Amino acid sequence: MTAPLAGVRVMRDAVLHETRPDVGVSGAAGGAEGLGKLVDLFYDFMDELPEARRVRAMHPTDLTNARDKLSLFLSGWLNGPNTYGEKYGKIQIPKAHAHLAIGTEERDAWLLCMKKALEAQPYAEEFKRYM
């Protein structure tokens with residue numbers, strides 16, 4: 001029996017290898033520095049976009065911890081260094097967000113912030129679409 005995310009991982013690896021075979025999966029995002037820039041822009045858009053107001057209100061005023069967690073999560077998700085677990089423990093996304101009222105409006109606002117942050121990056125178009 002195949003793990004549910006195995007197909008996603010195979011697709012991710014194929015897309016990233018095709019677009020940047022020389023740098024590996026997390027390297028396609030610019031490594032830790034590139035992911036940091038992406039996450040900073042993501043939260044900047046969350047601060048600025050009226051559509052993201054409700055999602056932003058779900059976060060603490062100081063986003064330092066949220067920025068670090070998202071950067072480290074993305075690094076591991078992209079097969080880069082998996083330091084999220086070392087620093088914060090095992091990630092349990094549904095449990096971590098269970099106390100929040102997340103509906104389609106909040107989901108769409110989060111995705112809009114990520115889309116705008118990705119558009120501002122010099123990533124390959126295939127990588128942007130995958131992300």
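Pro50 sits in the loop between helix 3 and helix 4 (53-57), where helices are DSSP runs of H or I with at least four residues, strands are E runs of at least two, and both are numbered from the N terminus. This is a predicted model, in which local features need pLDDT of at least 70 and side-chain atom pairs count only at pLDDT 80 or more, while totals for chains, interfaces and linings use all residues. Residues are numbered from 1 along each chain as its sequence is written, and side-chain values use heavy atoms, with hydrogens and water left out.

## Exercise 1: The overall picture

Solution. 
- Step 1. The classes are buried for under 20% relative accessible area, exposed for over 50%, and partly exposed in between, using a 1.4 Å probe and protein chains only.
- Step 2. For contacts between residues at least 6 apart in sequence, 69% join residues at least 24 apart. A contact here means heavy atoms within 4.5 Å.

## Exercise 2: Helix 3 against helix 8

Work out how helix 3 and helix 8 pack, and which residues meet.

Solution. 
- Step 1. Helix 3 covers residues 31-48 and helix 8 covers residues 104-119; their axes are 8 Å apart, at an angle of about 130 degrees. Axes are lines fitted to C-alpha atoms, for helices over the stretch in contact, and angles run from 0 to 180 degrees between N-to-C directions.
- Step 2. That angle makes helix 3 oblique to helix 8. Under 35 degrees counts as roughly parallel, over 145 as roughly antiparallel, 65 to 115 as roughly perpendicular, and the rest as oblique.
- Step 3. The crossing of helix 3 past helix 8 is right-handed. The convention is left-handed if the near helix is turned anticlockwise from the far one by less than a right angle, and right-handed if clockwise.
- Step 4. From helix 3 come Leu38, Leu41, Phe42, Phe45 and Met46, and they meet Trp110, Cys113, Met114, Lys116, Ala117 and Leu118 of helix 8.
- Step 5. By class, this contact has 10 nonpolar, no polar and one charged residues. Nonpolar covers Ala, Val, Leu, Ile, Met, Phe, Trp, Tyr, Cys and Pro, charged covers Asp, Glu, Lys and Arg, and the others, Gly among them, are polar.

## Exercise 3: Helix 3 against helix 5

Repeat the analysis for helix 3 and helix 5.

Solution. 
- Step 1. Helix 5 spans residues 64-77, and it packs on helix 3 at an angle of about 135 degrees, with the axes 9 Å apart.
- Step 2. Helix 3 is therefore oblique to helix 5.
- Step 3. Helix 3 passes helix 5 in a right-handed crossing.
- Step 4. Helix 3 contributes Leu35, Gly36, Leu38, Val39, Asp40, Phe42, Tyr43 and Asp44, while helix 5 contributes Ala66, Arg67, Leu70, Ser71, Leu74 and Ser75.
- Step 5. Sorting the residues of this contact gives eight nonpolar, three polar and three charged.

## Exercise 4: Aromatic rings

Count the aromatic pairs in the whole structure, then describe the pair of Tyr84 and Tyr88.

Solution. 
- Step 1. The search finds five aromatic pairs. Rings of Phe, Tyr and Trp (its six-membered ring) pair if their centres lie within 6.5 Å; planes under 30 degrees apart count as stacked, over 60 as edge-to-face and the rest as tilted.
- Step 2. Tyr84 and Tyr88 form a tilted pair, 5.2 Å centre to centre, with 45 degrees between the planes.
- Step 3. Both lie in helix 6 (residues 83-88), four residues apart, so about one helical turn separates them.
- Step 4. Tyr84 is buried because its relative accessibility is 12%, whereas Tyr88, at 27%, is partly exposed.
- Step 5. Elsewhere, ring pairs link Phe42, Tyr43 and Trp110 into a cluster.

## Exercise 5: Single residues

Is each of Pro50, Glu48 and Lys128 buried or exposed?

Solution. 
- Step 1. Pro50 has 52% relative accessibility, so it counts as exposed. Its C-alpha atom is separated by 9.2 Å from that of Ala109, 59 residues apart along the chain.
- Step 2. Glu48, found in helix 3, is exposed at 58% relative accessibility.
- Step 3. Lys128 belongs to helix 9 (residues 125-130) and is buried, with a relative accessible area of 15%.
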